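These are my notebook entries on a structure that I had not examined before. I record what I looked up, in the order in which I looked.

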Amino acid sequence: MKQNSFKFKRSLAAGAFFALFSFSLVSCGGGGGATGSDSTASAGSSSDNMLTGAGSSFDNPLFSKQFSEYDKTNNQKINYQSIGSGAGISQLTAKTVEFGASDAPMNGKQDSALSAPVVHVPITEGAVVLSYNLPDVKDTLNITPAVLADIFLGKITKWNDPKIAAANKGVKLPATGITIAHRSDGSGTSNIFTTYLAKVSDEWSTKVGKGSSVNWPVGLGGKGNEGVAGLIKQTPGAIGYIELAYAVQNNMAYAKVQNKAGNFITPSIASVTAAANITIPADTKVSLTNTEAADGYPISSFSWVIIYKEQKYGDRTLDRGTRLVKLLSWMIHDGQQYSSALTYAPLSPAAVSAGDAVLKSVTFDGKPILQ
Amino acid sequence: MDGKNVKLRLGKSYGFQWLIYVLAFACLVPLLAILFYIVRAGITKINWHFLVNIPKPVGESGGGIANALVGSTLIIFVAAVIAIPIGIMAGVYLSENRKSRLAYWCRLCTDILQGVPSIVVGIVAYFWLVRPWDIGPIHHKGGFSALSGSAALAIMMLPIIIRSTEETLKLLPDSLKEAALALGMPFHRVIFKVVVPVGISGILSGVMLSVARITGETAPLLFTAFGNPYLSVNIGKPMQSLPLMIFNYATSPYTDWLNLAWGASLILLVWVLLLNIFTKVITRKWKVQL
Amino acid sequence: MITRSDLPLRVINSSPDAIAKAKARARRSFRQIRTENVFKRTLTIMGLIIIILVLGIMVTLAWQSRLSIAALGPKYLWGKVWDPVQDVYGAWPFLLGTLLTSFLALIISVPFSVSIAIFLGEYHPKGWLPNFLKNAVELIAAVPSVIYGFWGLAVLVPIVRSFESSIGVEPVGVGIFSSSLILAVMIIPYAASLGRSMISLVPSHLKEAAYGLGATRWEVIRSVVLPYTKSGLFAGVLLSLGRALGETMAVTMVIGNTSLIPKNIFSPGNTMASVIANEFTEADKPVYLSALIELGLVLFLVTVVINLIGKKIIDRFTNE
């Protein structure tokens with residue numbers, strides 16, 4: 001009877017709709033695709049295999065390689081988004097990611113916004129280099145701290161300014177205008193750079209100050225180290241601060257900077273290692289800028305991965321906390337073998353033992369995860 | 001004197017016409033420039049390898065956009081599943097109730113939704129679906145997910161679907177509905193078996209237009225879908241999408257990433273154009289049949 | 001429960017078989033009415049969902065901005081310095097950037113939009129060439145904004161850079177000017193399509209009367225068509241403006257992203273939408289995040305008001 005066929009078609013349609021609906025719910029709550037597991041819809045918890053982290057673009061080239069290798073040997077996928085140290089910290093605070101990465105340790109204000117204590121694990125040592133776009137200048141430029149501060153304050157506006165020429169005798173400098181490239185997002189790289197400038201220039205210290213996001217007197221903003229490097233590469237006459245790996249990977253020129261001892265140092269693994277040769281406090285929060293070491297590069301820094309000290313929050317399991325801590329432990333030991341190829345300096349033995357100590361203090365439900 | 005005046009006026013008229021022609025067709029110049037450039041830059045980058053692989057670690061060459069393709073498809077599909085039923089039914093509601101107070105406010109809200117900037121939709125979706133929150137006994141875990149991205153996109157699809165459904169159904173003669181009701185058909189069957197099928201071309205074109213619109217949207221996904229270097233089909237977790245990938249790679253300095261971005265741009269452009277062309281074809285085809 | 005009183009009298013007095021059949025029929029029609037009511041209520045709920053959605057958006061925006069509204073007050077809107085480190089939040093650089101880019105884009109695009117509208121509405125309403133133009137213009141609207149931004153970055157910015165060095169301005173390339181150019185291209189279709197439908201609505205007897213008096217084409221357009229569609233064209237311009245104000249991706253890729261007040265149209269700047277996109281995920285202080293949301297609230301209110309005014313004008317025009 002026609003009535004029955006209508007009913008049948010209607011129930012078929014309803015059934016299909018509900019099947020679709022429940023399928024989306026299930027795949028939202030349950031296993032799917034490449035990760036294959038059962039879980040709840042959350043990034044901060046659940047037994048899903050993928051770990052999520054976000055933050056520093058400074059570390060991104062190294063992390064990208066390390067995570068790819070770690071997945072091959074340990075079958076652990078990590079979703080890391082390079083959105084800037086500031087964003088990494090605030091997303092960790094909001095518990096939308098499991099670990100944050102930052103080139104500047106959390107300050108008092110950021111600490112007070114946390115709901116639970118965190119620990120900082122030093123993960124690598126890198127250099128913030130001044131990369132510039134002067135295709136006709138073949139020699140590497142020398143920059144003194146005073147000149148650097150003046151450039152970024154907007155007081156020196158042309159490349160052939162006598163102050164720049166003074167440190168670069170014999171180099172023919174063009175009359176191009178200087179275009180500054182800085183970060184438009186909250187950046188640990190900015191923090192390292194501005195901390196250095198504040199140490200070497202009183203004018204910078206009072207006028208601009210230091211931080212992840214400052215009120216730059218001049219210049220263009222790029223998002224992430226990637227954005228700044230992109231700006232420098234595309235704009236003739238540009239100068240900006242980026243992590244060494246970005247300059248090397250993109251064949252960009254970078255300057256030698258004069259350190260506290262008066263020597264013009266080329267940023268390299270050796271000069272960063274020399275700068276990192278200092279005592280590390282228990283909480284591992286230490287700044288390497290303006291180092292005393294005679295052959296140390298003055299704008300070097302550690303970078304940290306930040307996680308909650310007590311891993312039992314939300315609906316996290318012991319298994320998840322263990323996998324996270326195991327990953328970090330691998331990164332400071334075996335993972336360091338990938339640093340040199342990407343021009344990051346491997347962690348000094350002091351930094352590694354400090355990191356180990358910190359990882360041992362991470363607990364789940366009060367009990368340390370690593371034995 | 002008259003002759004000279006007429007000549008002047010005619011001259012002005014032809015001059016104006018010429019000006020209009022030039023200006024009107026001048027708009028095609030940037031469009032053609034963009035299409036041409038993207039095709040030229042992207043066509044060399046696309047190959048089978050490009051389509052089925054995921055991106056390689058930073059600085060290594062090779063890699064592809066498979067995760068973005070799958071991610072975009074899934075996010076759009078889920079957004080459509082959310083938006084289409086609600087949109088069509090709200091459109092039906094508005095066309096059925098021309099005069100009621102609630103309908104007036106609903107129409108106003110649809111117009112408001114159409115004007116909301118995409119970044120604001122992203123902010124709202126972040127607070128509703130990504131941030132963990134507690135209201136009384138309900139605890140929302142939060143976290144970046146493809147689902148939150150789809151929800152944001154669904155909010156953007158709604159006004160287009162509602163509008164086109166309402167307009168299409170308003171144009172249908174009332175006698176159609178009244179005849180069906182007079183025959184004793186239940187109201188929901190009248191709507192779904194009689195009214196909607198007659199207006200299907202308009203409704204479908206609204207749906208396709210809304211899908212075409214959100215395929216290229218990036219801003220709502222910035223704080224919701226987050227991105228993912230791996231291929232994933234789990235909508236409760238972060239996911240990569242094509243416009244997001246293009247945005248991230250286009251502003252980077254790595255030549256490999258820029259190449260990926262060009263190839264991805266070409267694919268996105270072709271996808272959106274096909275959707276638009278498909279919409280035009282089916283509306284013309286169905287209209288002729290009616 | 002179907003009782004005897006639900007059945008017609010003649011059925012009650014006939015056979016029990018007929019009573020059973022009638023009861024079944026009554027049961028079906030009651031169920032049908034109930035289903036109909038459920039369906040009608042579902043429709044109403046759908047309408048309600050839309051209203052709740054919009055209310056929810058407004059409430060969320062307002063609630064999340066409460067911190068910065070309380071802390072900074074109205075001087076937030078004309079504060080000239082945006083310095084998150086010092087906790088100084090002034091939105092004026094972004095308001096200025098948004099207004100500059102949008103209005104500049106509008107000024108550049110309006111002649112083109114109006115030309116297309118007149119071409120398609122007046123000179124050639126039918127034919128294959130105008131059809132081609134109409135489709136092409138719709139295509140302009142279809143291209144995703146991230147592709148406009150990418151193309152702008154790769155192609156337009158170097159062109160603008162060489163233009164800037166030829167006129168003696170600092171050759172940066174990115175800036176207010178470049179983003180205005182891209183925005184102008186993107187918003188052409190909105191005013192164009194609306195203008196075209198407005199112009200085609202002009203009653204032909206008005207135009208024919210003017211032709212009858214000996215007016216040329218240009219004079220008819222100037223004296224009859226344009227005054228008649230003035231408000232409609234204005235509404236189209238408003239719609240384009242609303243679109244320009246809210247555009248995020250293409251602008252953020254070519255505007256230079258500085259929080260300083262732009263010195264001239266060639267300097268880099270920032271718009272409200274662009275700064276939200278850049279700094280949202282990393283606003284680690286509650287007041288910082290709240291200040292960004294307040295920007296979103298301002299953006300929301302401005303674009304909604306402009307769009308509503310535009311739609312009201314169109315409604316009035318098409319219903320007169």
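**Entry 1: domains of chain A**

Which domains does the domain assignment of chain A give? I noted domain 1 (12–125 + 302–368) and domain 2 (127–300); such bounds come from an automatic or database domain assignment.

Before going further I recorded the conventions: this is a predicted model, in which local features need pLDDT of at least 70 and side-chain atom pairs count only at pLDDT 80 or more, while totals for chains, interfaces and linings use all residues. Residues are numbered from 1 along each chain as its sequence is written, chains are lettered from A and ligands numbered from 1 in the order in which they are written, and side-chain values use heavy atoms, with hydrogens and water left out.

**Entry 2: where the two domains of chain A meet**

I looked up the contacts, meaning heavy atoms within 4.5 Å. In chain A, 31 residues of domain 1 are in contact with 30 residues of domain 2. The size of an interface is often given as the accessible area lost when the parts come together. I therefore took the buried area, which is the accessible area (1.4 Å probe) that two parts lose on being put together, summed over both. Domain 1 and domain 2 of chain A bury about 2,300 Å² between them, and carbon and sulfur atoms carry 61% of it. On the domain 1 side, A:Phe58, A:Phe302 and A:Thr343 lose the most area to domain 2 of chain A, together 26% of what that side buries.

I then searched for salt bridges (a side-chain nitrogen of Lys or Arg within 4 Å of a carboxyl oxygen of Asp or Glu). The rule finds 1 salt bridge across the interface of domain 1 and domain 2 of chain A. I also noted that the side chains of A:Asp111 and A:Lys285 meet in a salt bridge, at 3.6 Å from N to O.

Polar contacts were next: a pair of N or O atoms within 3.5 Å, where within protein one must be able to donate a hydrogen and the other to accept it, and residues adjacent in sequence count only if both atoms are side-chain atoms. Between the two domains of chain A, 11 residue pairs are in polar contact, both at pLDDT 80 or more. For the elements I used DSSP runs numbered from the N terminus, helices being H or I of at least four residues and strands E of at least two. Several elements of chain A each supply at least two residues of the domain 1 side that touches domain 2, among them helix H2 (60–74) and strand S12 (300–308). H13(A) gives the most to that side, with 4 residues.

**Entry 3: a salt bridge inside one helix**

Where do A:Lys72 and A:Glu69 lie? Both are in helix H2 of chain A, 3 residues apart, about one turn of the helix. Over all chains, the structure holds 22 salt bridges.

Chain C has 12 helices and 2 strands. Its radius of gyration, taken over C-alpha atoms, is 29 Å, whereas a compact globule of 320 residues would have one near 20 Å; the globule rule is 2.2 Å times the number of residues to the power 0.38. The C-alpha atoms of chain C fill a box of roughly 105 × 70 × 35 Å along the principal axes.

I found 77 residues of chain C in contact with 78 residues of chain B. The area buried between chain C and chain B is about 7,100 Å², of which carbon and sulfur atoms give 83%.

The side chains of B:Asp111 and C:Lys311 meet in a salt bridge (3.9 Å, N to O). Helix H2 (residues 16–64) of chain C gives the most to the side that touches chain B, with 21 residues.

**Entry 4: chain A against chain C**

How many salt bridges are counted between chain A and chain C? The count is 0. Even so, 31 residues of chain A are in contact with 28 residues of chain C, and the two chains bury about 2,100 Å² between them, 48% of it on carbon and sulfur atoms. A:Ser213, A:Asn215 and A:Leu220 supply 22% of the area that chain A buries against chain C, more than any other three residues. The rule finds 4 residue pairs in polar contact across the interface of chain A and chain C, both at pLDDT 80 or more. H3(A) gives the most to the side of chain A that touches chain C, with 4 residues.
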